[in-house]
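Please examine the sequence and the structure shown below. The paragraphs that follow lead through several of its parts in turn.

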Amino acid sequence: MPVHNYYKILFLPKWYPNRKDKHNGIFIERHAKAIAKHCKTAVLYIGSDPNLKTKFDTEIVQEDKLKVVRVYYRNSDAGNSFFGKAIKLIRYFRAAYIGLKIIKKEFGKPNLIHVNVLTRPGIVALALNKLNQIPYIVTEHWSGYMPADGTYKGFLKKWATQLVVKNAQTVTTVSDALAQAMQAQHLNAKYVTIPNCVTSDMLPAKRINSGINAIMVGNLEDREKNISAVIRAIAELKNSLPELTLTLVGEGVDKAQLIALSSSLKLDDRITFTGSLPHENVLEHISAASFLILNSHFETFSVVAAEALICGTPVLSTKCGGPEEFIDATRGKLISLNNTSALLDGIKWMCAHFSSFDHLKLKAFAETRFSEESIAAQFIQIYNPLINTWEAGNTREEIRIPYTWNVLDVGSGDHPNDRANVLLEREIEATEHRSGAVAVIPEGKKLVLGDATDMPFANKEFDYVIASHIAEHIDEPEKFCSELQRVAKRGYLETPDAFSEFIFNEPFHKWVVSNKNGVLTFTEKTKHQVFSERFYRFYYLNEKRTNHEAYYSNNIFVGTFVNLIRKSWKHLPRTYTRFHWENNFKYRVIRKSQHD
């Protein structure tokens with residue numbers, strides 16, 4: 001699959017591993033890491049921390065290829081009254097604002113926002129969509145929409161969720177069952193099912209132990225997982241299946257009650273509670289088990305069932321939503337919900353048949369269905385048609401470029417265009433044309449050394465060419481314009497216009513370039529004297545510029561005023577020439593001799 005290194009994807013998850021819970025939303029982290037192998041990817045996680053001494057705290061880390069920003073807000077002093085909940089909500093969005101400022105500085109403006117789990121992150125994405133026209137998609141994992149769970153409640157929550165879903169470009173769910181449950185809640189959107197990601201790195205080889213060892217892994221909460229029914233089933237089968245044991249991996253609110261139930265049924269020698277384990281140790285336990293039991297009342301997907309398959313372990317699962325979409329008779333057995341006799345029969349059947357499953361085939365299926373490559377490819381297929389608006393030049397001109405186009409940046413310099421596939425540059429070392437800056441070559445982009453008046457490319461090799469702030473430097477504009485039209489089908493050209501040249505009048509700018517009634521006109525400059533040295537230094541505050549002494553200031557009011565001037569500059573008349581063309585364009589060159 002091609003690397004889309006010019007895509008900037010921002011994950012906005014409700015759940016994500018954090019300093020309070022290292023396992024929270026680990027499946028979302030896997031999605032993000034899968035995408036990060038192909039696109040520039042950042043994560044912004046907003047979470048509460050009751051132990052904070054200040055109202056907010058931030059963490060900025062690089063995790064593999066992921067830029068991860070975590071912003072924590074204090075919620076312990078707000079209380080649970082109406083006003084307390086309002087304060088928590090305000091702090092959440094304040095934390096989001098803090099995090100987005102960090103993302104802008106550290107990562108830049110994203111091309112697309114990928115929300116994981118509603119509703120608050122979706123509101124942030126919706127605001128960015130309306131304010132900055134950034135598209136967003138939603139990936140949902142939450143079981144609250146499912147009838148057996150029923151925790152999707154509240155007028156405000158439902159109203160906000162419907163608003164977010166309505167404006168999302170696409171909603172992906174980890175199972176068809178979850179998509180159907182959301183649609184039944186009147187959450188209408190374009191739905192696509194993409195499963196969770198399961199990796200097989202460093203998995204141990206399948207080990208066949210003596211005896212029969214069943215395993216359950218997950219949150220020890222009986223309302224969802226129905227673990228007590230399995231414990232009672234083990235008690236009922238202990239005489240007929242004396243070799244059967246059960247390992248329970250995990251923590252949860254019902255752990256103490258489940259241990260007490262196991263002891264009361266005299267199963268201390270049959271059932272082992274391991275507590276929480278590192279992920280690699282969990283996989284070792286699953287790999288060594290005879291089969292995995294999933295007796296849940298509801299599941300949107302079941303990562304542990306997928307992990308069992310990738311470990312080569314068959315699965316006994318209830319028909320609880322997600323698992324029946326990938327568990328069948330070749331990978332285990334499905335049983336009906338809340339049916340004691342079905343559970344007993346299922347365990348007996350698995351005890352008799354678990355060894356007949358080919359663990360290598362189970363593993364191969366899971367690696368194909370749930371691999372990082374497969375999941376990333378499905379998400380990027382959704383991203384592609386949504387990411388087609390890009391910015392170019394000092395003006396940040398918006399241009400439409402489909403994902404299939406091959407794009408050239410001519411004279412890319414120290415600010416290569418994000419969308420360009422290929423960069424053409426004559427000089428990569430420091431040069432006065434870039435005020436002493438060296439050329440920048442981002443990872444994944446192809447750099448070609450060559451002259452813009454004699455480009456080393458085939459005719460119409462590129463679908464689009466960007467020539468930003470290079471035309472005013474060219475010695476031979478006729479050749480330059482001819483080459484642009486030869487190598488590309490269409491493009492965008494930007495230069496300073498007459499007013500900017502009058503004010504700044506850089507000595508290495510040879511031409512005033514203007515768009516005169518659709519004709520790109522090059523007028524040779526006859527004077528190279530800045531209008532006001534003081535204004536020049538003020539405009540380029542804290543920047544070292546060729547042939548000018550820099551003006552440095554940390555005064556916040558001075559900095560704010562300069563930023564206001566810079567942002568307003570492109571809106572003034574004749575400050576920039578912005579020239580779009582397709583197929584071909586007309587140009588005119590007026591030299592000094594023609595002035596005389």
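This is a predicted model: local features need pLDDT of at least 70, side-chain atom pairs count only at pLDDT 80 or more; totals for chains, interfaces and linings use all residues.

Which residue of E21 does Ile466 stand opposite? The residue is Tyr492. A second pair of residues can be located beside it: the bridge partner of Val465 in E21 is Gly491. Both pairs belong to the pairing of strand E20, residues 464-468, with strand E21, residues 490-496. These two strands run in the parallel sense, and four bridges connect them.

Is His473 buried or exposed? With a relative accessible area of 15%, His473 counts as buried, because buried means under 20%. A polar atom of the His473 side chain lies 3.5 Å from the backbone oxygen of Phe508.

Ser48 is found in strand E2, which covers residues 39-48. The relative accessible area of Ser48 is 18%, and this residue is therefore buried under the 20% limit. The side chain of Ser48 is joined to that of Asn75 by a polar contact of 3.2 Å. When residues up to four places away in sequence are not counted, Ser48 touches Lys20, Tyr72, Tyr73 and Asn75.

The axes of helix H12 (residues 359-370) and helix H13 (residues 372-386) come within 5 Å and cross at roughly 25 degrees. Why are H12 and H13 described as roughly parallel to each other? Angles under 35 degrees count as roughly parallel, so the crossing of H12 and H13 falls into that class. On the side of H12 the contact is made by Thr368, Arg369 and Phe370, and on the side of H13 by Glu372, Ser374 and Ile375.

Another helix, H16 (residues 533-539), holds Phe538. Leaving aside neighbours within four places in sequence, Phe538 is in contact with Tyr551, Val558, Phe561, Val562 and Ile565. Phe538 may also be compared with Arg591: the two are 53 residues apart in sequence, and their C-alpha atoms are 32 Å apart in space.

The cysteines remain to be discussed. How many disulfides does a search of the whole structure find? The search finds zero. Cys197 is in no disulfide, and the nearest cysteine sulfur, that of Cys311, is 14 Å away. Cys197 is buried, with a relative accessible area of 0%. Cys320 is likewise in no disulfide; for Cys320, the nearest cysteine sulfur is that of Cys311, 19 Å away. Cys320 also counts as buried, at 4% relative accessibility.

Definitions and conventions
Residues are numbered from 1 along each chain as its sequence is written. Side-chain values use heavy atoms; hydrogens and water are left out. Two strands pair if DSSP finds at least two bridges between them. A disulfide is a pair of cysteine sulfur atoms within 2.5 Å. Buried means under 20% relative accessible area, exposed over 50%, partly exposed in between (1.4 Å probe, protein chains only). A polar contact is a pair of N or O atoms within 3.5 Å; within protein, one must be able to donate a hydrogen and the other to accept it, and residues adjacent in sequence count only if both atoms are side-chain atoms. Contact means heavy atoms within 4.5 Å. Axes are lines fitted to C-alpha atoms, for helices over the stretch in contact, and angles run from 0 to 180 degrees between N-to-C directions. Angles under 35 degrees count as roughly parallel, over 145 as roughly antiparallel, 65 to 115 as roughly perpendicular and the rest as oblique.
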